[in-house]
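Let's take a walk through a protein structure together, one stop at a time. Keep the picture open while you read, and look for each residue as it comes up.

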Amino acid sequence: MSNKKYEIDMSQGSIFKNIIRFVIPLILGNMLQLLYNAADIIVVSRWSGSDAMASVGATGSLNALIVNVCIGIAVGASVTVSKKYGARNTEGVHRAVHSAMLIGIILGVLAMIFGVVFARPLLRLMATPEGKVLDGAVVYMTIYFLAVPALMTYNFGASILRAIGDTKRPLYILAVTGLVNIVLNLIFVVFFHMGVAGVAIATGVANYLSAAAVVMALVRTDGAYKLFIKKMRFYKEECKEIFTVGLPAGLQSSVFSLANSVIQSAVNSFGTAAIAGSAAGSNIEGFVYTAMNAFYQGTLTAVSQNYGNKDEKRVKKSIWTSVASVAVVGIVLGSLTAIFARPLLNIYITDSPEALEYGVIRIFYIGIPYFLCGIMDVLSGALRGLGYSTISAINSLVGACGLRMLWVAFVLPHNRTIQTLFTCWPVSWVIVILMHLVCYMFVRKKWVKKMNAA
C-alpha cells in the first residue's frame, strides 16, 4: 500500500511507540475539533450574554444523542478496515471504504431531517427554560443539523484514515477548518451581531470544509483505501461487518448521550446559572476527555489490526498498554483542571458569579475522577476490536444509562443538590469498568479461538 508516511502498521514494531505516534496527532486534532464548540461558547458568552450561552449549552447532550448513533457506526467502519488492512486484504479494504462512505452520507441526511424537524419538542422535553434560552437553542440546533451530513462524511472518512494508522491528515484538516470556524465566529457575532445563529453557521461552514478535505484526501491517495466516488455502493459482506460492530457502538454512544440528556434535564431544572456553569465545565472536561479518547481510538486500531494479523500476544499487549497510558494521562489532566478551575472557567463565564460556582463544582466532582472514564473507554474499544461490540453496548446500557437514570429518579430527590447529581458520573464509570473486566475474563479464550479460525 502507498502513502506509507501517513500509515502506522500496529502489527509491527513497539506497541507503545506506535500507540503514542497514533494518539498525539489524534489528541491535537480532537482538541482542535473541540475548539469548534469552545469557540461557540466563549464568543457567544462574551458578546451575547449568559442566556445565549445557556442556549448553546442546552443543545449539547441532545445533539450528541442523535449524532453519536451515526458516529458509533463509523467505529464499525474503522474496525472493518483495520482488520482487512492487518490481514493485507487489499480488495476487502476497497469494498469496506466504499460501503462506509455511502453509509455515512445516508446516515447524515437522515439525522439532519430528524434533528431539524424535532428540535423544539425535544428541547422542551428536556425542560429547557422557555423564552430566550429555548428560542436560541432551537435556532442553534436547527442550523447545526443542516451541517450534519458534512459532519458524518468527515467522521466516516477520518475513521478510514485512522484504520490504517493515519491520524496526521485529520489533524491538518482540523487545524485549518478550526481556524476558519473561530474567525467566522468573530465576524458573525462581533461584527454582524448574529448571536447564537452566527456561531451555528460558523460551525456548519467548518464542518462542510472538513468533509470536502477528507474526501479529497481519500480520492487523491493511491493506496488500497483510495476512494472512487462513482464506485460507492453497498458491499454485502463489508456492510454486515460494519453494522455488526457499528450498531452496538452507536447504541452505546447513544446510551451515554441519552443518560446525559436525562442529567441535562435535571441540570436545567436548577436554572440558567446551573446550565451555563455546567456547559462551561463540560467544555473544559472535554479537552481532558478528548486526550483520553485518543487512546480508545488507538486501542481500537491496534487490537483490530493485530486481530486481523492473528497475533494474540500483540492484541493483549495493546490492550494493557493503552489502559496504563490512559490512566496516567487522565489523572494528570484531571488534576490540572481542578487546580486551575476558576481561571479556566473565567474564559467562558464573565457575567455570572453563580454560574462560575456551578462550573467549579462540576469540575471537582467529574473532572478529578475523569481517568476512570478513560479506562472504561479503552476497555470498551478492546472488546469492540475483538468483535464483542454488543457486549460493550449492553454493559453501557446497564451500567451507565440504567444507573444514571435510576440515580436521577431515586437518589437525587432525597438530596436535591447539584453535587448529588454530578456524583452519578464517576459511580457509573466504576460500575462499567468492572463489567467490562468481567466480560473480558469470560471471553478471552473465545476470541483467541475465533481469531485463529478467521
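In which helix is the place of E238? E238 sits in helix α9, which runs over residues 236-268. Before going further, keep in mind that this is a predicted model. Is E238 buried or exposed? With a relative accessibility of 1%, E238 counts as buried, because the cut-off for buried is anything under 20%. What does E238 touch, once we leave aside its neighbours within four places in sequence? Its contacts are T80, K84, G92, R95, A96 and S99.

Now hop over to helix α2, which covers residues 50-86. At 1.5 Å a residue, the 37 residues of α2 should span 54 Å, and the C-alpha atoms at its ends are 50 Å apart, which agrees. Follow the helix with your eye and you'll come to a bend of about 40° at N68. How many of the residues of α2 are buried? The count is 30 of the 37, so α2 is largely enclosed by the rest of the structure.

What comes after α2? The helix is followed by R88, whose phi is positive, near 60°. Here's some background for that angle. Most residues other than glycine have a negative phi. R88 has its positive phi although it is not a glycine. You'll find R88 in the loop between α2 and α3, the latter being residues 90-117. R88 has a relative accessible area of 44%, so it is partly exposed.

With a relative accessible area of 42%, K310 is partly exposed.

Helix α5 takes in residues 132-146, and at 1.5 Å a residue its 15 residues should span 21 Å; the end C-alpha atoms are 22 Å apart, which agrees. Which residues of α5 are buried? They are V133, L134, G136, A137, V138, Y140, M141, Y144 and F145. An α-helix has 3.6 residues a turn, so residues three or four places apart point the same way.

How many of the residues of α6 are buried? The count is 16 of the 16, so α6 is largely enclosed by the rest of the structure. After α6 comes G165, with a positive phi near 90°.

Let's look at some empty space now. Rolling a probe the size of a water molecule over the atoms shows where empty space is left. The second largest pocket has a volume of about 200 Å³. Which residues line the second largest pocket? The lining is made of I284, F287, V288, L333, L336, T337, L344, I347 and Y348. Three helices each supply at least two residues of this lining: α10 (272-308), α11 (312-339) and α12 (341-348). Sorted by kind, the lining has eight nonpolar residues, one polar and no charged.

Our last stop is A393, which lies in helix α15, residues 389-411. Is A393 buried or exposed? Its relative accessible area is 3%, so A393 is buried. Leaving aside neighbours within four places in sequence, A393 is in contact with P248, L251 and Q252. A393 also pairs up in an interesting way with A249: the two are 144 residues apart in sequence, while their C-alpha atoms are 6.4 Å apart in space.

Note on methods. Residues numbered from 1 in each chain as written. Predicted model: local features only at pLDDT ≥ 70, side-chain atom pairs only at ≥ 80, totals over all residues. Heavy atoms only, no water. Buried < 20%, exposed > 50% of the residue type's maximum accessible area, 1.4 Å probe, protein only. Helix = DSSP H or I, 4+ residues; strand = E, 2+ residues; numbered from the N terminus. Expected span 1.5 Å × (residues − 1). Bend = angle between axes of the 7 residues up to and from the residue. 1 Å grid on protein atoms, 1.4 Å probe; cavity = no way out; pocket = protein on both sides within 12 Å on 5 of 7 lines; lining within 4 Å. Points joined across faces, edges and corners; volume = space filled by probe spheres on them. Nonpolar A, V, L, I, M, F, W, Y, C, P; charged D, E, K, R; others polar. Contact = heavy atoms within 4.5 Å.
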